[in-house]
Amino acid sequence: MLAWVFMLPLVVVNLLVILGPSVATIYYSFTEWSGIGPAEFVGLQNYRDILADGDFYVAMWHNVLWTIIFLTVPISMGLFGAFLLSQITRFQMFFRVAYFIPYVVASVVNAALWQNILDPDRGIGSAMAAVGIPFLDGVSFFGSERLALPSVAFVNNWAWWGFVVLLFLTALQSVDAQLYEAAKIDGAGRWQQFLNVTLPGIRPTLVFVVLLTIINSLLVFDYVYIITRGGPAGASEVVGTLMYKEAFERFEAGYAAAMGLGLSFVSGLIVLVFIFLRRRGWEV
Amino acid sequence: MRRTRGFSRKKFLKLGGAGLAGATLLGVAGCGGGEGGSGQVTYWSDLEGSGPQDYFKQHIEKPFEKANQGTDLKVTFQPPTEMDRLVRTALQGGEGPDIVMTPGPAYAQEYIDANLFAELDEYAGQYGWDNKMLGWALDLGRYENSLYAIPYQLQTMLLYYNVSLFEEMDMEPPTSRDELEGMAEELMGQNIVPFAAGIGDDPAAIEWFPTVFWNHYSGPDALYQALTGETTFSDPIFVEAIELFNTYVQNGWFGGSREQFFSNSFAALHADLGDGKASMNVEGSWFLATIGEYFGQAANNDNDWEWAPLPPLRDGIPPELYELGIGSTLSVNRRAQNADGAAAFIDYLVAGKERVAEWMAAVPSAFNAPLPFEEGDFPSSMDDRVERQLVSLSQATGQGNFGYTAWTFWPSKSDVYIQEEMQKVLTGDITAAEFCSGLDEVFTQDRKEGAVPKIIEPGSA
C-alpha cells in the first residue's frame, strides 16, 4: 500500500504530461490544423500524405544514416576507450571526468564551440593552413551538402561517446577477472579474450547501448536544429527537424502530429523487438 | 521577427546615449493619453539585448504607466526567432499577452481568421490613428474592412558598404547591374568578397535575396501583378531574377562561395564587412541598429560605413527603389482582460511622432513606427545616416517608388516556401523555373484561401 502511495504522484504527473498530450497528438494527427483555431477532421489523409512526401523519405534516410554512424563510431570508440581506461589505475578518474564533460555540457554550447572550430575562415582549417597544412582550408563543413550531416553527427558524437565509455567501463569492471585468467591458460590472445570473454560479459550493456542509440538516432533533433536547421537545402534534415518545421514554420500541426506518431511507431517497434528477444531468452 | 539583431549594452550606450536625455524628458512629459482602462496590461516584446530592454523599461514602460495612472504594464522580452511559436502556443491554449506581436500582416491574418484578435476600429477613431499613421501601412492591418493589426517596425532593404575600402579602391556604390558586376569581378580579383552574406544563423534569411532580385530585376509593377493574380510567378521575368541571384552565388559574390553562403553566421559576415574582407552587404534597415559595432574603434579597425539604395538590375527599374517591409504587427488579444489599456499602450508606442522619433534615435530601427516622418522630425542625436535613410524611404515611397518584401506581402505559406526551396536552387536540386512554378502553386492555393494581405499599388502610397 505504501509503495502505491509513493508511486501515485509520479503516475498522476505522467498522466498529465505524457498521456494527455499523447492522446491529443493522436487526435490531431487525423485533422488538418494550423496550430491555432479549430481543427478539421480529415481521417487518414495526413498519413497518406506522409507516404507520398519526398521530404519525409529523405529525412528518414538521414535518420538511418545517423543510426548507422552512431551504431559504429561511438560504440567502437566507447569500447576502445573503456578498454584503455580499464588498463590504468592512476588518473583513471581524471579521464573519466574528461570524457564525460561534453555529455553534460548543453548542446547549444557544444554546437557553438564546434561551429567556431570548424568555421571555414576563422577555424581550425585556416589555422592549419597558416602553418603549412592547407587541406582543410576553406572547407565549409556545415555549408556543404555532402559534409553537413556527417559534420553534425561528428559534433553530436563528440558529446555522446564519453557517456558510452563510462557505461562500457562499468560493465567491463564487472567481468570476472578469473575468466580472463582461464582464457589465457587456454591460450587465448587479446583479441580472442575480447571476443570470447569481454563481449559476452558486457552483452547486456552493449544491447542497452545499441537500443538507446537506435532510439536516440530516430529522435535526434537538437544538434541538427542548432547547427544547420536541416540545411543546406535539406541535406541534413532528419524527421525531428522536419516535424518541427511542419508544426511551427509551415503551420501544419496536424501533419506534424501524424509524422511524430509515425516516428513513435518505429521506436515502439524497436522496443518490442528488444522485449521479444528478452522473452526468447536472450541475455539482454 | 528574425529580422532584428542583438545589441550589446556597451554599444547601445555609445550609439544611443546622447538620445537618452532628450527621450527621458519627452517620456516624462508623457503625452500618451491617459484614456486607457486601469489594471494590468501584458505585452511580449521582441527587443534583444540589455541596452534596448533597459531603455524600454526606463523610457517607455515607466512614462506610459505614469501617463496612465492605474495601468500596470507587464513586459516580457521574448527571443525574436521564437516569438511566433510562443504566441501561437499561448493563444491556442487560451492565454497569451494582451498585446500580441506577430511577424507581419500575413501572419496576423491567420490569428484573425481564428477569431483571436479584437477589432480596433473604435480605438482607431478614439486615438485618431487614421490621421496620425501612414494610410498604406494602416490598410495592411485591415481585414474585411475592419482594423485588427497595427503594422510596426517599418523596414526596407539597403546596400551597406565599407566606405574606407571603397575610397582605397576608388569605388562608388553601384548604380546599375553593369557597375555592380564590374565591381564584383574587380573585388574578387583582389580576394575581397563583393557581398558579405550568409544564412548560417537563420536559413529563413535567404528570403531577403529573392525579395531584392524580384524588386530590382523584375520590378514592383511585375510583382504587383503577380501578387494580385494578374500574372503568375512562373513568368520569365521572375525566373530570370532567380537565375541572376543563383549566378551571383555560384560566382562566390555572396559570402565567398556557395558553401560559405550557407554557413556564414551574421557575426562573421558583419565582421568581414567591417574588416574589409568583404566590401558590401545586402541587408534590411534593421542592421542600422548594430552596424556601428563592426566599424572603427568598437571593432579595432579604422574603417567606416555608409549605405546606398540597391541598384536597379534591369532597364526601367527606378534608381531609388525601397522594398516596404513590416517587421511586426501589434494587435489586442480578444481575451485581453484590459483591452482599453492594451489599445492605449499601442497608441503610446506607435502614434506619438515626437516621442517615437526620440526612441528611434536612441535605438535605431527597433521602434520604427508607420508615421509620416519628414526632414527635421528627428532629434539631433540621431546618426545622420540613419536619419537620411528614414527620410529617403519616406520620400521615395511618397513618390510611389516602393517594392514588396516577401515577409510582408506574401502569405505565410508562400513565404515559407521561398525560405525553404530557394536553397534548393542554389544547390542545383531544382531549377529557377521549377522554383517559381512551385511558388506559383503555393501562392495560387493561398489566394484561393484568401490568405494574401492587401497589396498596395505602386505609386499609391
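# Domains, a sheet and the chain contact

The domain assignment of chain A gives domain 1 (20-52 + 252-284) and domain 2 (61-247). Such bounds come from an automatic or database domain assignment. This is a predicted model: local features need pLDDT of at least 70, side-chain atom pairs count only at pLDDT 80 or more, and totals for chains, interfaces and linings use all residues. Residues are numbered from 1 along each chain as its sequence is written, with chains lettered from A and ligands numbered from 1 in the order in which they are written.

Chain B is also divided, into domain 1 (9-154 + 325-398) and domain 2 (157-323 + 399-404). The table lists both domain pairs. Centres are taken over C-alpha atoms. Two residues are in contact if their C-beta atoms, placed from the backbone, lie within 7 Å.

Helices (H or I, at least four residues) and strands (E, at least two) are DSSP runs, numbered from the N terminus. Ala, Val, Leu, Ile, Met, Phe, Trp, Tyr, Cys and Pro count as nonpolar, Asp, Glu, Lys and Arg as charged, and the others, Gly among them, as polar.

Chain B holds an open sheet of four strands in the order β8-β9-β7-β10, with mixed pairing. β8 (193-195) and β10 (305-308) of chain B stand at the edges with a single partner strand each, so one side of each lacks a neighbour in the sheet. The twist averages 25° from one strand to the next. Strands pair if DSSP finds at least two bridges between them. β7 (residues 157-162) and β9 (residues 278-284) of chain B run antiparallel and are joined by five bridges. Here L158(B) stands opposite E283(B) in β9(B).

Two helices pack on this sheet. Helix α10 (residues 208-218) of chain B touches β7 and β9, at about 90° to the direction of β9(B). Helix α14 (residues 266-275) of chain B touches β7, β8 and β9, at about 130° to the direction of β9(B). Axes are lines fitted to C-alpha atoms, for helices over the stretch in contact, and angles run from 0 to 180 degrees between N-to-C directions.

In chain A, helices α1 (residues 2-28) and α13 (residues 253-279) pack at about 115°, with axes 8 Å apart. α1(A) and α13(A) are therefore roughly perpendicular, a label for angles of 65 to 115 degrees. The contact takes T25(A), I26(A) and Y28(A) from α1(A), and A253(A), G254(A), A257(A), G260(A) and L261(A) from α13(A). Its residues divide into five nonpolar, three polar and no charged.

Between the chains, 24 residues of chain B are in contact with 21 residues of chain A. On the chain B side, α3 (83-92), α4 (105-113), α13 (258-263) and α19 (412-427) each supply at least two residues. α19(B) gives the most, with six residues. This side of chain B has eight nonpolar, eight polar and eight charged residues.

Key
Angles under 35 degrees count as roughly parallel, over 145 as roughly antiparallel, 65 to 115 as roughly perpendicular and the rest as oblique.
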